[in-house]
Amino acid sequence: MMAAAYESGAISLEGVMKRFGDFQAVDNVTLDIKLNEFFTLLGPSGCGKTTLLRMIAGFEMPSGGRILLDGKEISDLLPNQRPVNTVFQNYALFPHMSVAGNIGFGLKMLGRPKGEIRAAVAEMLRLVQLEGRGDSAVTQLSGGQQQRVALARALAPRPKVLLLDEPLSALDLKLRKSMQIELKRLQAETGITFVFVTHDQEEALSMSDRIAVMSHGKVRQVGSPADIYHRPADRFVADFIGETNFIEADAVSIAGGVARVRLPSGVEIPATFPAGVTPSGKVTVVIRPEHAQMVAQAGDGALRGIVGDIIYLGTDTHFHVRLDDGSPFIVRRQNATNGPSEFSPGESVGIRISDNVAQIVMNQP
Amino acid sequence: MARTFSVRRQSGFATVAMLCFFLLYLPIAALVVYAFNAGTSIAIWEGFSLRWFVSAWNNQQVVEASWRSLRIAAIAAVLATACATLAALATTHTAPYRGLTAKYAFINMPLLVPEIVTAVALLVFFSRVKLWTGYSGLGYLILAHSAFCVPFAYLPIRARLESMDASLGRAAADLYATPLQIFRHVTLPLLWPGVFAGLMLAFIISLDDVVITEFVKSSGQDTLPTYMLGQLRRAITPEMNAISTVFLLLSLSLVTVFFCLSRNRKKES
């Protein structure tokens, strides 16, 4: 299928810093992005993820630290000297060129012969499913099609690493979902290392091999989507990814890498904790809403409380429960059957917690 | 429903507007009409004739002055547009810094400095240069015209550049284009309508200039406007009207060409 094999590259960031005046945009980031990986930089706006991406592309020079591609330092190279291409958030297609002109631009600048460029453009058009649209003006394309052209343009020179700066944020929900699958397919088909920037946690979870969660210029946690979701390292990560219940508890003992914590209700449950820390005394425990179930007998659960708001979400229902100590707790229940909920506001209920789902998180400094 | 205040609905608004247009265009219309007068007066109509156009065409001084005007305007417009393009490239898409406003002011200063001041300054300066070099050709006029045309060319080019997406340059750099290739393949093609507008504007402004030309020109270097000014001191014949009419036609056709070009561009995008 492929005319020539794609060559993939690995990126290493070593203590990378970026200051803008007094503002520390990226603060001592050390990361290894592996060969063939779909790697996502995830965080709220202003966390430094885009600045980090721009430094890998060469649009910003680091204030400190080193960026390596396959072990060779590239920090001092200009953007046009790096075998790395970018898909821009606003696509940045050249409005005065046709679709084919845009896709072939990189190869043309590299001085490749016309025949080779034509062949590469045809292959790219097939890859992004835009066969026959080579002569169209890019301004006549829909948002989704422009997105595909931007992808094809960045892939055509066969970069070792593809950088994607929130490329799906301008698309509507349906199109975004189908482009997520499309991107995943392209990455699998080409084997090129993808570095993807997004603030959308769902997007990150569904597409990535690994995710780095960032805030305030620092990397909070690096791991697989399941790691990040089920074993968040700190309160920020737990809070940013998905919905979460935080419960203040006491660490009682540690055995075999699992701690026992005493909940405010007096019940003790096992809880995992991040590597490199030894929980003791007052700790915060994370329990996801889908890992708890409501029971009618208040005494049967690990926690007790009174039902407040009940929010119907189609696939799920959210029960907002006020615990005995006054803190809020959300239980998510899948609507496996039709019909009214068996619980009603004001009712006293117990909350059961699934086995081995609690995670102790560090309160960030 | 209470109607909000609108200038457009005030009584007499339309009348005043019509009056303004009338006062603006009536004299021009009269000038064009009397260019076709068969008689020698610019106020008494004596029938239709093209004699004054023929007379202007056969007037050696008019032809020479026109040719000189066109040459000066063409060269000055190109020089001014080149300078203005470079200035626009240097002053757009940059993060604001101390001194940027001062640069804008310097570039646009000729628009604000009274023309007579510039004219006198150039007269004094060039007379020195003439003494030193002994050169007294058209170069002085061309340089002077280039200088005061720069801000006129700068404005449309900068406007075009500002409306351009800054990330296009980054995208081109990302796709292995060197700075020179970025300029040739991305910036210049997109900037072209602005450059063309700047070129036209500079050309017309140069063609039209009287004050600075009057001060800077050596003897025998009359441009069409200064020649006409000289003639008006003597007998006024409809020949002046005829020349003005041709002048007007030339300006109008330039504007029309530019309008059509820019409209086609818009249709494309």
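Because the model is predicted, local features need pLDDT of at least 70 and side-chain atom pairs count only at pLDDT 80 or more, while totals for chains, interfaces and linings use all residues. Residues are numbered from 1 along each chain as its sequence is written, chains are lettered from A and ligands numbered from 1 in the order in which they are written, and side-chain values use heavy atoms, with hydrogens and water left out.

Let's start where the two chains meet. Here 27 residues of chain A are in contact with 19 residues of chain B, contact meaning heavy atoms within 4.5 Å. The size of an interface is often given as the accessible area lost when the parts come together. For this pair the buried area is about 1,900 Å², with 65% of it on carbon and sulfur atoms; that is the accessible area (1.4 Å probe) the two parts lose on being put together, summed over both. A:Asn80, A:His96 and A:Met109 supply 29% of what chain A buries against chain B, more than any other three residues.

On the chain A side, the elements giving two or more residues are helix H1 (49-57), strand S6 (84-87) and helix H2 (99-109). H2(A) has the largest share, at four residues. Helices (H or I, at least four residues) and strands (E, at least two) are DSSP runs, numbered from the N terminus.

Over all chains, the structure has 28 salt bridges. In one of them, A:Lys49 meets A:Glu166 at 3.6 Å, N to O. A:Lys49 lies in helix H1 of chain A and A:Glu166 in the loop between strand S7 (161-165) and helix H5 (173-190), so this pair ties together parts that are 117 residues apart in sequence. Both A:Lys49 and A:Glu166 are buried (under 20% relative accessible area; exposed is over 50%, partly exposed in between, with a 1.4 Å probe and protein chains only).

Now look along helix H5 of chain A. A:Arg185 forms a salt bridge with A:Glu182, with the closest N and O atoms 2.9 Å apart, and these two are three residues apart, so about one helical turn separates them. A:Glu182 is buried at 8% relative accessibility, while A:Arg185 is partly exposed at 27%. A:Arg185 also pairs with A:Glu189 at 2.8 Å, N to O. Salt bridges that share partners join A:Arg148, A:Glu182, A:Arg185 and A:Glu189 into one network.

Finally, turn to the surface of chain B. B:Phe21, B:Leu24, B:Tyr25, B:Ile28, B:Leu248 and B:Leu252 form a nonpolar patch there, with about 600 Å² of accessible area together. Helix H1 (13-34) and helix H11 (238-268) of chain B each give two or more residues to the patch, and H1(B) gives the most, with four. Patches are made of residues with over 30% relative accessible area and no salt bridge: like charges are joined within 9 Å, nonpolar side chains (Val, Leu, Ile, Met, Phe, Trp, Tyr) within 5 Å. Accessible areas come from the Shrake-Rupley method with a 1.4 Å probe, and for residues only the protein chains shown count as cover. B:Ile28, in helix H1 of chain B, counts as partly exposed at 37% relative accessibility.

How values were computed:
Salt bridge = Lys/Arg side-chain N within 4 Å of Asp/Glu carboxyl O.
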